[in-house]
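I opened my notebook to write down, entry by entry, what I looked up in this structure. I give the cut-off for each term where I use the term for the first time.

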Amino acid sequence: MGFGGGGHGHSNLKYVVIAFLAPLPSIVFYLSFLNHINNSDTSGSESESDPLSLAHLWTWCYHHPLLLANVLFFLNVNVLFWVISHIQNSHWMIDLFWTVIPLMLVHYYATHPLGHYNWWRSRVAMLMTWVWSLRLSHNYFRRENWQWGAREDWRFTDMSRQYGKHWWWVSFFAVYASQQVFLIGICLPLYVVHSVDKPLNNWDFVAIIVCMCGVVIAYYADSQLHEFVTRNNKLKELGKPVVPNLDKGLWNYSRHPNYFGEQLWWWGLVIFAWNLGHGWAFVGALINSMCLAYVTKLVEERMLKQDYRAEAYRLYQKTTSVWIPWFRSSKIGGKDKST
């Protein structure tokens with residue numbers, strides 16, 4: 001694991017300040033844009049007192065909400081976060097903001113002057129995104145022992161070793177530009193929700209049920225995983241043998257129920273977009289699912305490299321579904337438990 005800093009107190013406060021200041025350029029710019037629109041006519045045309053170049057900028061921002069979201073993401077996340085990460089020597093911040101950016105996007109799409117939508121559908125999407133974000137943020141900080149900037153994702157650490165002296169520029173694409181594709185992509189249904197004004201129908205309720213089932217499954221799966229890791233750490237401290245594999249609760253039916261829950265959430269949002277006549281918005285969820293399939297492969301390879309759990313995990317792979325929860329098979333004769 002790559003560690004991003006020293007002692008707890010001052011270091012923690014420093015990372016908190018950085019995390020809160022980092023997105024401010026985009027927020028300030030967008031609020032300035034809204035302020036200009038509110039003080040001018042509804043078409044976003046310039047007032048005579050504006051410098052010509054700035055007036056053209058505001059007009060462009062008015063007519064291109066999705067492009068503006070991408071430009072702000074590129075400059076504020078891809079460029080600024082990348083620079084900050086090299087100053088800190090850690091890419092911890094992108095993990096934290098994965099839980100926050102969809103929330104920022106749903107509010108952005110809802111408040112953009114070109115937004116055109118059903119009020120109830122918008123509020124439901126917004127409320128659910130808050131629930132999803134709080135759930136994931138809680139899991140992130142619980143996993144990091146309530147520390148800010150304690151460590152970066154282990155995959156980034158592995159990649160930094162793999163690319164060596166080239167990592168400084170490879171990280172721009174591998175860590176940041178790729179996240180723009182994922183995050184803007186999976187949030188496309190939230191853009192659609194705020195682009196079409198159509199009365200609520202039964203498919204909206206199907207979408208809500210799928211989304212909330214995803215959040216609940218992910219919450220319980222991550223909580224069970226956290227309890228398992230905590231229990232094993234205590235056993236380790238006591239010098240007792242650890243349990244090699246988690247196969248209780250939801251993990252009895254799926255090897256990655258937390259991933260399954262997360263996928264349900266994003267595909268639930270796709271149902272909203274499809275119902276509004278924009279099925280193409282599934283592309284982001286599809287890319288994300290394909291990426292998660294690759295991440296699943298990496299995680300399982302990592303599990304098999306750990307001697308104390310390799311044998312139990314191989315058995316677990318043979319008897320338990322990868323993502324979609326299902327009853328365990330008894331291929332290995334009888335009810336052989338891997339714990």
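**Entry 1**

I began with Trp 146, which counts as exposed at 52% relative accessibility; here exposed means over 50% relative accessible area, buried means under 20%, and partly exposed lies in between, with a 1.4 Å probe and protein chains only. Trp 146 sits in the loop between H7 and H8, and its phi is positive, about 60°, although it is not a glycine. The helices I name (H or I, at least four residues) are DSSP runs numbered from the N terminus, as are strands (E, at least two).

I then looked up Asn 89, which lies in the loop between H4 and helix H5 (93-98). Asn 89 is exposed, with a relative accessible area of 63%, and its phi is near 60°, a positive value in a residue other than glycine.

Residues are numbered from 1 along each chain as its sequence is written, and side-chain values use heavy atoms, with hydrogens and water left out.

The pLDDT is the predictor's confidence in each residue, from 0 to 100. The protein chain has a mean pLDDT of 91, and 91% of its residues reach 70 or more. Over residues 1-6, however, the pLDDT is below 50, and this stretch has 20 contacts beyond near neighbours in sequence, a contact being heavy atoms within 4.5 Å. Over residues 332-339 the pLDDT is below 50 too, with 19 contacts beyond near neighbours in sequence. Where pLDDT is low, the predicted coordinates should not be read in detail.

**Entry 1: helix H11 and what covers it**

Helix H11 (residues 202-237) has 36 residues and reaches 53 Å from its first C-alpha to its last, close to the 52 Å expected at 1.5 Å a residue; the expected span is 1.5 Å times one less than the number of residues. After H11 comes Gly 239, whose phi is positive, near 75°.

Which residues of H11 are buried? They include Ala 207, Cys 211, Gly 214, Val 215 and Ala 218. An α-helix has 3.6 residues a turn, so residues three or four places apart point the same way. The cover over the buried residues of H11 includes helix H7 (119-143), helix H12 (257-275) and helix H14 (307-319).

In helix H7 I looked up Ala 125, which counts as buried at 0% relative accessibility. Ala 125 and Ala 207 are 82 residues apart in sequence, but 9.9 Å apart in space, C-alpha to C-alpha. Not counting residues up to four places away in sequence, Ala 125 touches Leu 190 and Val 193.

**Entry 2: cysteines**

How many disulfides does the structure hold? I found zero, a disulfide being a pair of cysteine sulfur atoms within 2.5 Å. For Cys 61 the nearest cysteine sulfur, that of Cys 187, is 20 Å away, and Cys 61 is buried, with a relative accessible area of 0%. For Cys 213 the nearest cysteine sulfur, that of Cys 211, is 9.5 Å away, and Cys 213 counts as partly exposed at 37% relative accessibility.

**Entry 3: aromatic rings and an enclosed helix**

The structure holds 25 aromatic pairs; rings of Phe, Tyr and Trp (its six-membered ring) pair if their centres lie within 6.5 Å, and planes under 30 degrees apart count as stacked, over 60 as edge-to-face and the rest as tilted. One of them is the tilted pair of Phe 33 and Trp 58, 6.1 Å centre to centre with 35° between the planes. Phe 33 lies in helix H2 (residues 24-38) and Trp 58 in helix H3 (residues 52-63), so the pair ties together parts that are 25 residues apart in sequence. Both Phe 33 and Trp 58 are buried.

Ring pairs also link these two into a cluster whose members include Tyr 108 and Tyr 109, and both of those tyrosines are among the buried residues of H6. Eight of the 11 residues of helix H6 (residues 101-111) are buried, so H6 is largely enclosed by the rest of the structure.

How values were computed
This is a predicted model: local features need pLDDT of at least 70, side-chain atom pairs count only at pLDDT 80 or more; totals for chains, interfaces and linings use all residues.
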